[in-house]
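Let's take a walk through this protein together, from its overall layout to its ligand and then to one particular loop. Keep the viewer open as you read.

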Amino acid sequence: MSDFHVNPEALRPESRTVHPPLAETTGSRPMGVPLHQGHLFAFETADALVQAHEGPDGAFFYNRYGNPTVRSLEGAVADLEGGTGALATASGMGAITTVLLALLRTGDHVVAQRSLYGGTFALLADLAERRGVTVTLVGGDDPAEVEAALRPETRVLYLETVSNPTTRVTDLPGLIGVAKRAGVPSVVDNTFATPLLCRPIEHGADIVVHSATKYLGGHSDVLAGIAVFADPDLHRRVWQQSLELGATVDPFAAWLTLRGMQTLALRVRRHCDTALDLAGRLSGHPAVAAVHYPGLPAHPDHELARRLLPDGHGGVLAFDLAGGREAARAFTESVRLASLAPSLGGVHSLVLHPASTSHRQLSDEELAAAGVGAGLVRMSVGIEHPEDIWADVEQALAKV
Ligand code: PLP
């Protein structure tokens, strides 16, 4: 890299989001990442074209194998997560499916956290039912439970940094440590935390996945995913699988994600500050029976969160309304600044009733085990003014 380009390694993560690694040019450099929308590249020699097929870092020739804009996104997220490389995909589920299909074959065993994102849970159930993979579910806080669940044929430990919707924080160092000693690779979905709040590779994870649709993109205008690798061999294996699966991200979606990421640090700071403020105010409201946010001292994982997420606890919180399901419906239909919508991590505040939407496939017993009560509301706190958000929440609470 010439002196003309800033060295990202000398910068803090907040600055790296604004100065992602870019391809070298002579004489001038673009301030924005160039969008290479074309999917095909021509070669001067036949040998160079053959060589381009060989790995995820080769010359560009066809977008399913690699694209300059997509590679800029991969470089930027790998840099923030502390990985050696990354594979961007068409969605978060694209990343998770590509990774799990690459790591698992018939007869293999997975140890996975009980409180996973519904799509991931459905994928594991499908792998179990139709592809002969067995799955053992564990909690996120007990390394001994993971130890007991491991088998000789265990090939993946699958975790999420912060669980949805009850915001339980996973003991990444403890659980990953057990898998590492047994030679089992760990995959961590870090969507809720973002690499600015937690970098699972620093805690021993082998692969980190994101729904870039959420905080990385940040503006509810792009669907994308990414897998980051601690080691180049895993990167190559998953890249090879991606060529067959074809969950390739469109360059414009990669470009939008990179554009969103330039303000990631500012947005995450604001999400964290407002969510903590809101969690405190909700805790004192008579219509609210309980608030789930790791930044609150009463949260069961508060101490762990202070160690694992020292710079903030994210923008998602949940709260139980004392009036149960009817109160939750009234609340989610009464907000005006916030919107009743799924997804999370964007600039807009969103509310959702998990028991009737994201978790509706669970039985009453499973809902209870997941801590998802009938009156539970999840809120993805946006970047609007905190007083406007509170005023909206307060008027909606008055209607329950
Ligand atoms: N992981 C988590 C934690 C999610 O919340 C989601 C989506 O809500 C996904 C993965 C899937 O991402 P996508 O919708 O981009 O496929």
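Helices and strands here are DSSP runs, numbered from the N terminus, where a helix (H or I) has at least four residues and a strand (E) at least two. With those labels in hand, remember as you look around that this is a predicted model.

Start with the overall layout. The protein is divided into domain 1, covering 13-261, and domain 2, covering 265-397. Their C-alpha centres are 27 Å apart. Where the two meet, 31 residues of domain 1 are in contact with 39 residues of domain 2. The size of an interface is often given as the accessible area lost when the parts come together. For domain 1 and domain 2, that buried area is about 2,700 Å², and carbon and sulfur atoms give 64% of it. On the domain 1 side, Pro165, Leu197 and Tyr215 supply 28% of the area buried against domain 2, more than any other three residues.

You will find Pro165 in the loop between β4 (154-160) and α7 (172-181). Although Thr167 is not a glycine, its phi is positive, at about 55 degrees.

Now turn to the ligand. Which residues surround the ligand? They are Ser91, Gly92, Met93, Ile96, Tyr117, Asp189, Thr191, Phe192, Ser211, Thr213, Lys214 and Ala224. Sorted by class, this shell has five nonpolar, five polar and two charged residues. Helix α4 (residues 92-103) provides the largest share of the shell, with three residues.

Several polar atoms of the protein can be picked out around the ligand. A polar backbone atom of Met93 is 2.8 Å from an oxygen atom of the ligand. In the side chain of Lys214, an N or O atom is likewise 2.8 Å from a ligand oxygen atom. For Asp189, a polar side-chain atom lies 2.6 Å from a nitrogen atom of the ligand. How much of the ligand does the protein bury? Taken alone, the ligand exposes 390 Å², and the protein buries 90% of that.

Terms used. Residues are numbered from 1 along each chain as its sequence is written. This is a predicted model: local features need pLDDT of at least 70, side-chain atom pairs count only at pLDDT 80 or more; totals for chains, interfaces and linings use all residues. Side-chain values use heavy atoms; hydrogens and water are left out. A residue is near a molecule or strand if one of its heavy atoms lies within 4 Å of it. A polar contact is a pair of N or O atoms within 3.5 Å; within protein, one must be able to donate a hydrogen and the other to accept it, and residues adjacent in sequence count only if both atoms are side-chain atoms. Accessible areas come from the Shrake-Rupley method with a 1.4 Å probe; for residues, only the protein chains shown count as cover. Ala, Val, Leu, Ile, Met, Phe, Trp, Tyr, Cys and Pro count as nonpolar, Asp, Glu, Lys and Arg as charged, and the others, Gly among them, as polar. Domain bounds come from an automatic or database domain assignment. Contact means heavy atoms within 4.5 Å. Buried area is the accessible area (1.4 Å probe) that two parts lose on being put together, summed over both.
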